[in-house]
Amino acid sequence: MSLSHDADRSPAQGADLAGKIALVTGASRGIGRAIARQLAARGAILAVHYNQAQADADRLVDEIAGSGGDAFALAADLSQAAGAEQLASALGNTLQTRYGSDAFDILVNNAGVGLRARIGDVKVADFDRVFQVNFKTPFFLIQHLLPRLRDGGRIINVSSIGTRSAYPEMSVYAPSKAALESLTLLLAAELGARGITVNAVLPGATATDLNARARDPEMAHAIAATVALGRVGQPDDIAGIVAFLAGDGGRWVTGQRIDASGGQRL
Ligand SMILES: NC(=O)c1ccc[n+]([C@@H]2O[C@H](COP(=O)([O-])OP(=O)(O)OC[C@H]3O[C@@H](n4cnc5c(N)ncnc54)[C@H](OP(=O)(O)O)[C@@H]3O)[C@@H](O)[C@H]2O)c1
């Protein structure tokens, strides 16, 4: 009896995002791809945003469809001033065409660019590019999408532990993420009345294209020595935390910065 009760419950738990629509920026590779996979596995319809990696985005869409899910790809260069508006209107048009409404439920601002440079070496153009992709575009993407984000929805911003530990080579990157975290806090207060939660997830060193050091065995070993759990992160480590925040279990968490580093530089 109890077995069948569990069996009855598990599909519903596994598909707790069924009927929800999620946009994940930078979902073609790395952490964003892992987030998109985990949200889709829990039943969400996925808008897979990419910039250059169209083949990777298309492959992910096919993979999700092949597993019985629903996904589509959207392109936009978020380093351009018009990128946020382009992505917002592409999302709206596609949702309207496919589902008859442009409303959606979950926004994950994951797309980001890194820059390893101490303050003395930073060029204005690099500063502008990093702030554009990591902060200005998410800011305006949220602005454009807020009217269409359903009450009870989720905004999850992918930041970095560079905002809570000093890494001098993150002189531009870390402040761009700190701005995103500041926005996270005030939006959580503003949007609470609509039941929308807003949180930031702060990965530590995670093995992706962006962090080649975390993929290099020797350097990963050195980084692991600074991590309480003794290894560098994998994209799925971060995605699990984002999926928790996106799901019903995360409904009572808002305005928070969630460290996702395995305890790096505690
Ligand atoms: N990896 C780490 O150690 C680490 C640590 C802390 C925080 N983070 C944060 O985690 C997030 C994901 O990073 P990742 O490590 O997964 O990086 P990644 O593997 O390099 O992937 C970056 C993603 O962002 C997209 N992107 C980059 N520039 C873009 C642009 N101009 N316009 C639109 N999309 C753009 C890429 O799209 P295309 O491939 O289609 O061009 C790709 O999907 C970032 O916000 C990063 O700051 C990463």
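Colleague: Are H5 and H6 roughly parallel or roughly antiparallel to each other?

Modeller: This is a predicted model. In it, the axes of helix H5 (residues 124–145) and helix H6 (residues 173–191) come within 8 Å and cross at roughly 10°. Angles under 35 degrees count as roughly parallel. H5 and H6 are therefore roughly parallel.

Colleague: How do the residues of the contact of H5 with H6 divide by class?

Modeller: On the H5 side the contact has Val130, Phe131, Asn134, Phe135, Pro138 and Phe139. These meet Tyr173, Ser176, Lys177, Ala179, Leu180 and Leu183 in H6. By class, the division is 9 nonpolar, 2 polar and 1 charged.

Colleague: Is Leu202 buried or exposed?

Modeller: Leu202 belongs to strand E6 (residues 197–203). A residue is buried if 20 or more other C-beta atoms lie within 10 Å of its own. Leu202 has 23 C-beta neighbours inside 10 Å, so Leu202 counts as buried.

Colleague: How far apart in space are Leu202 and Asp259, C-alpha to C-alpha?

Modeller: Leu202 touches several residues beyond four places away in sequence, including Ser159, Ile161, Arg257 and Asp259. In sequence, Leu202 and Asp259 are 57 residues apart. In space, their C-alpha atoms are separated by 4.8 Å.

Colleague: Is Arg265 buried, partly exposed or exposed?

Modeller: Arg265 is found in the segment after strand E7 (257–260). Its phi is near 50°, a positive value in a residue other than glycine. A residue is buried with 20 or more C-beta neighbours and exposed with 12 or fewer. Arg265 has 15 inside 10 Å, so Arg265 counts as partly exposed.

Colleague: Which helix supplies the largest share of the shell around the ligand?

Modeller: The ligand is surrounded by 28 residues, and the closest are Gly26, Gly30, Gly112, Thr208 and Leu210. By class, the shell has 12 nonpolar, 13 polar and 3 charged residues. The largest share of the shell is 3 residues, and these come from helix H2 (residues 30–41).

Key: Residues are numbered from 1 along each chain as its sequence is written. This is a predicted model: local features need pLDDT of at least 70, side-chain atom pairs count only at pLDDT 80 or more; totals for chains, interfaces and linings use all residues. A residue is near a molecule or strand if its C-beta atom, placed from the backbone, lies within 6 Å of it. Helices (H or I, at least four residues) and strands (E, at least two) are DSSP runs, numbered from the N terminus. Ala, Val, Leu, Ile, Met, Phe, Trp, Tyr, Cys and Pro count as nonpolar, Asp, Glu, Lys and Arg as charged, and the others, Gly among them, as polar. Axes are lines fitted to C-alpha atoms, for helices over the stretch in contact, and angles run from 0 to 180 degrees between N-to-C directions. Angles under 35 degrees count as roughly parallel, over 145 as roughly antiparallel, 65 to 115 as roughly perpendicular and the rest as oblique. Two residues are in contact if their C-beta atoms, placed from the backbone, lie within 7 Å.
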